[in-house]
Amino acid sequence: MSDETRILVVDDQTVVREGLVLLLELLPGIEVAGSAGDGEQAVAMVGELRPDVVLMDLRMPRVDGVEATRRIKQAHPDVEVVVLTTYADDESIFAALRAGARGYLTKDAGADEIARAVAAVRGGAAQLDPAIQRRLVEAVAADQRPVRAARGELPDGLTRREAEVLALIAQGRSNSEIAGDLFISEATVKTHINNLFAKAGLRDRAQAVTYAFRHGLAGS
């Protein structure tokens with residue numbers, strides 16, 4: 001992973017898009033790879049420019065941000081997406097996360113918040129606006145009452161260590177942070193994640209968070 005993070009800015013409003021480019025160019029460790037005015041253009045430019053992170057608006061013509069995120073993650077799974085939008089309703093939040101976004105900020109976020117989100121998703125963690133994170137947890141908790149297996153057994157044949165890793169994922173910890181918390185190597189963390197994802201049929205960390213809450217494994 002190089003020192004500089006290459007970012008593609010996607011927003012259909014020219015003033016907003018150009019303002020974000022100017023803001024990002026002032027931040028250390030960030031290089032603006034390009035900008036796009038809609039989701040269709042964004043998908044094409046990711047293939048051409050190979051950015052590390054896409055800063056994605058949601059409501060755009062032709063192809064919206066959710067569909068663009070889904071296409072980008074399918075074609076380029078290593079590219080991370082941070083949503084930056086004026087919309088913070090539950091439908092938009094869940095749709096973006098299900099599509100593969102790892103960050104979700106509203107447009108009143110400051111430069112420091114954007115920089116933290118970019119660094120977090122590139123490091124393997126999720127980064128949500130605090131208010132959005134609370135709403136996500138409340139929605140999952142309300143919709144999915146925890147169901148624990150009888151006699152302390154773990155679901156889907158998870159080992160105790162895999163359950164510990166899952167709980168830390170649900171708490172928003174990155175792979176390197178999980179390694180430090182459990183006193184194991186980052187490579188071992190990745191192995192545990194691959195194993196638990198395979199056993200539980202999970203595609204990504206957003207699904208893992210939902211799974212952890214559903215089974216009462218999210219920790220405190």
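**View 1. The largest pocket holds about 840 Å³ of space.** The model shown is predicted. The pocket has a lining of 30 residues. Those that lie nearest its centre are Lys73, Pro77, Asp78, Glu80 and Arg102. Sorted by class, the lining comprises 13 charged, 10 nonpolar and seven polar residues.

View 2. At least two lining residues come from each of helix H3 (65-75), helix H5 (111-122) and helix H9 (186-200). H9 gives the most, supplying five residues to the lining.

**View 3. Thr69 in helix H3.** Is Thr69 buried or exposed? Thr69 has a relative accessible area of 1%, and a residue counts as buried when this value is under 20%. Thr69 is therefore buried. Apart from neighbours within four places in sequence, its contacts are Met56, Val81, Ala96, Ala99, Gly100 and Ala101. Helix H3, where Thr69 is found, is also one of the helices that supply at least two residues to the lining of the largest pocket.

**View 4. Val53 in strand S3 (residues 53-56).** Val53 is buried, its relative accessible area being 0%. With neighbours within four places in sequence left aside, Val53 is in contact with Thr5, Arg6, Ile7 and Leu8, and also with Glu80, Val82, Val118 and Val121. Among these contacts of Val53 is Glu80, a residue listed with those nearest the centre of the largest pocket.

**View 5. Val53 and Val81 across a sequence gap of 28 residues.** The C-alpha atoms of Val53 and Val81 are separated by 5.6 Å.

**View 6. The whole protein chain, for orientation.** The chain has 220 residues, 48% of which count as buried. Its secondary structure consists of 10 helices and six strands. Among contacts with a separation of 6 or more, 64% join residues 24 or more positions apart. The accessible surface of the chain is about 11000 Å², and carbon and sulfur atoms account for 50% of that area.

Notes. Residues numbered from 1 in each chain as written. Predicted model: local features only at pLDDT ≥ 70, side-chain atom pairs only at ≥ 80, totals over all residues. Heavy atoms only, no water. Helix = DSSP H or I, 4+ residues; strand = E, 2+ residues; numbered from the N terminus. Buried < 20%, exposed > 50% of the residue type's maximum accessible area, 1.4 Å probe, protein only. Contact = heavy atoms within 4.5 Å. Areas by Shrake-Rupley, 256 points an atom, 1.4 Å probe, with all protein chains shown as cover. 1 Å grid on protein atoms, 1.4 Å probe; cavity = no way out; pocket = protein on both sides within 12 Å on 5 of 7 lines; lining within 4 Å. Points joined across faces, edges and corners; volume = space filled by probe spheres on them. Nonpolar A, V, L, I, M, F, W, Y, C, P; charged D, E, K, R; others polar.
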